Amino acid sequence: MRGKRREWDSAGAGPSSPHRAAKLTGAGGCTVTGAGQARVGNALSAYTGSTRVEGANRAFKTDNAFGKTASLYMDGQSKVDLRGHSQTIGGLSGVEGAVLSLGADSVSTGRLVVNQSADTDFGGVLAGYGELQKLGSGRLTLRGRNSLRGEPDIRAGPLVVQGGLGSCR
C-alpha cells in the first residue's frame, strides 16, 4: 500500500471478490465500502494505516483481519463482525447506526483491544459475546446502546460509557 489509500468495494469497484484473504501491509489508509457481506482476513497482515468502513458489512475470517490498523472509523450503515476473532486497533470512532459485533455466542467470543493515545467517541453499538480491552492514555467514549456480553478489561486510560455496556459481568 506504501502510503496510499486503498478501497475495497464488494459492489464492483476495486478488487471486488467478496472474500478477502490478501496480506495487507504498509501504512496507507483503507476504505471498505459496498453492500452485501464479505469476509476479510489474513493472520499475517501487518497493515498500520487507518481504516474506514462506509456502508459495508464485513465478517472476520481470522484474528487481526484489519492488520494493526492505526484507527477504525465506522459510518452509520456499517457492520463489522469479529466472528469470535481478536482485533487490536489504535483507536475506535464512529456514529450512531454502526454495529461492531465481537462473537455470536459464549463459545465463539471475540476480543477487541483498543490501544489509543487520542480521545475518541464511538456512537455505534458494541454487540455480542467477548472482551473489550482498553489500553493507552486516550479516552474512549461509548455513546451507543451497547449489548456487549462479556468482561471489560480497562488497563489504561478512561473508558466513558454513556449508553450502557449491555450485560457485562
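**Entry 1: salt bridges**

I began with R143, which is partly exposed at 41% relative accessibility. I note at once that this is a predicted model. The side chain of R143 meets that of D121 in a salt bridge, 2.8 Å from N to O. R143 sits in the loop between β15 and β16 (147-149), while D121 is in strand β13. The two are 22 residues apart, so I logged the pair as a link between distant parts of the chain. D121 is partly exposed too, at 33% relative accessibility.

I then searched the whole structure and found five salt bridges. One of them joins the side chains of R139 and D119, at 3.6 Å from N to O. R139 is partly exposed, with a relative accessible area of 35%. D119 is partly exposed at 48%.

I also looked up R155. Its salt bridge is with D153, and the closest N and O atoms are 2.9 Å apart. Is R155 buried or exposed? At 57% relative accessibility, R155 counts as exposed. D153 counts as buried because its 19% falls under the 20% cut-off.

**Entry 2: the nonpolar core**

Next I went to the largest nonpolar core. It has 28 residues. Which of them touch the most other members? They are L92, L100 and L112. I checked which strands supply at least two residues each, and found β3 (30-33), β7 (71-74), β12 (110-115), β14 (125-135) and β15 (140-142).

Setting aside neighbours within four places in sequence, I listed its contacts as M74, V80, L82, L92, L112, F122, V125, L126 and A127.

**Entry 3: strand β5**

I turned to β5, residues 50-54. In a regular strand the side chains alternate between the two faces of the sheet. Here the covered face holds T51 and V53. The uncovered face holds S50, R52 and E54.

I looked for the partners of β5. It runs parallel to β3, joined by four bridges. T33 has E54 as its bridge partner in β5. β5 also pairs with β7, again in the parallel sense and over four bridges. There T51 stands opposite L72.

**Entry 4: Q87**

I found Q87 in strand β9. Q87 is buried, with a relative accessible area of 2%. What does its side chain reach? It reaches the backbone nitrogen of A65, at 3.1 Å. Not counting residues up to four places away in sequence, Q87 touches F60, N64, A65, F66, G67, T69, L82, R111, L112 and V113. L112 I had already met in the core.

**Entry 5: positive phi**

Last, I checked backbone angles. Most residues other than glycine have a negative phi. N64 has a positive one, near 50 degrees. N64 lies in the loop between β6 (57-60) and β7. I recorded N64 as partly exposed, with a relative accessible area of 26%. N64 is also among the residues that Q87 touches.

R83 is not a glycine, yet its phi is positive at about 50 degrees. Where does R83 lie? I found R83 in the loop between β8 (79-81) and β9 (86-89). R83 is partly exposed, with a relative accessible area of 40%.

Terms used: Residues are numbered from 1 along each chain as its sequence is written. This is a predicted model: local features need pLDDT of at least 70, side-chain atom pairs count only at pLDDT 80 or more; totals for chains, interfaces and linings use all residues. Side-chain values use heavy atoms; hydrogens and water are left out. A nonpolar core is a set of buried Ala, Val, Leu, Ile, Met, Phe, Trp, Tyr and Cys residues joined through side-chain atoms within 4.5 Å. Buried means under 20% relative accessible area, exposed over 50%, partly exposed in between (1.4 Å probe, protein chains only). Contact means heavy atoms within 4.5 Å. A polar contact is a pair of N or O atoms within 3.5 Å; within protein, one must be able to donate a hydrogen and the other to accept it, and residues adjacent in sequence count only if both atoms are side-chain atoms. Two strands pair if DSSP finds at least two bridges between them. A salt bridge is a side-chain nitrogen of Lys or Arg within 4 Å of a carboxyl oxygen of Asp or Glu.
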